[in-house]
Every structure is written in structure tokens, then in C-alpha cells.
Amino acid sequence: MTEPGAVSNEPEKPEEELSEEIIIKRRKRRQDRRLTQATKVAKIKARDGNECYLCNMPLTEEDMTMEHLIPKSKGGSSRIDNLKLAHGRCNVLKGDRLIEELELPFVWDEDS
Ligand SMILES: [Zn+2]
């Protein structure tokens, strides 16, 4: 039988077996990540306005993605000076092309 509070080197246990303290810490970390994301979005909006940088149309909560100007795969950072807000559909259309390779702004037929 293991003493209560004994330190073990067992692999990570499923959440229900973890102590309350660890669960709270994990939850907090998750919240921090969300907060960072929300903070970044707020900062980008303050800088660029609530517009998609690809089509210049207003963004909505439902259709908004954070986009790397220089893709991470090409060494771009995740700092807000490398981030822009775009619609999901614009983001998809852009793909992994660079800004210089695009004909901007994208024009969407609003009836479609
Ligand atoms: Zn757009």
C-alpha cells in the first residue's frame, strides 16, 4: 500500500485521479491560453479595426480567424505584429500563399 501523499514517478494519470490542486492548475492554464487569444484579437482589432485584411469586409464573431502574415511554417512568429484577422473563407482561399502572391482585396459575391 502506498502512503498518502507519497511521490510517485508513474505516468500521467487520468484527470479523475489527479489531486484537486493539479486539476485547478490545469484549468487555469487553459483559461490563460484562451485569455491570451482573446487579448491578441482585441489588440489586433484596436490596431486594424474589425475588418478582414483580405476582403476588407467586417468580421463577425462566428466568422473570424487569426491569420499569420508570415506562416509559422516559414518562420513567422505568433506575436501580434505577424497576426491579422480574416474570415474563415478568406483564410481558406488564401491558403499558404504569401500576401504578395495575392490579388487583394478578395471580392465575394454577397448573393452566393
Ligand atoms: Zn474576408
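1. Welcome to this structure: its protein chain has two helices and two strands. Helices (H or I, at least four residues) and strands (E, at least two) are DSSP runs, numbered from the N terminus. Read from the N terminus on, the elements follow the order α-β-β-α.

2. A word on the source. This is a predicted model, in which local features need pLDDT of at least 70 and side-chain atom pairs count only at pLDDT 80 or more, while totals for chains, interfaces and linings use all residues. Residues are numbered from 1 along each chain as its sequence is written.

3. Start with helix α1, residues 20-48. This helix has 29 residues and reaches 42 Å from its first C-alpha to its last, close to the 42 Å expected; the expected span is 1.5 Å times one less than the number of residues. The count of buried residues in α1 is zero, so the helix is hardly covered. Here a residue is buried if 20 or more other C-beta atoms lie within 10 Å of its own, exposed if 12 or fewer, and partly exposed in between, with C-beta atoms placed from the backbone. After α1 comes G49, with a positive phi near 85°.

4. Across the protein chain of 112 residues, buried residues make up 9%. The largest nonpolar core has seven residues: C52, Y53, L54, L59, L85, A86 and C90. Such a core is a set of buried Ala, Val, Leu, Ile, Met, Phe, Trp, Tyr and Cys residues joined through C-beta atoms within 7 Å. In soluble globular proteins, nonpolar side chains tend to be buried together.

5. Y53, from that core, touches D48, K84, L85 and A86, leaving aside residues up to four places away in sequence. Contact means that the C-beta atoms of two residues, placed from the backbone, lie within 7 Å. Among contacts in the protein chain between residues at least 6 apart in sequence, 57% join residues at least 24 apart.

6. Beyond residues up to four places away in sequence, L83 touches K40, I44, M66, E67, H68 and L69. The C-alpha atoms of L83 and L69 are separated by 5.7 Å, with the two residues 14 apart along the chain.

7. Two backbone details deserve a look. N56, in the loop between α1 and β1 (65-68), has a positive phi of about 65° although it is not a glycine. The peptide bond from L104 to P105 is cis, with omega near -5°, and P105 sits in the segment after α2 (88-94). Most residues other than glycine have a negative phi, and most peptide bonds are trans.
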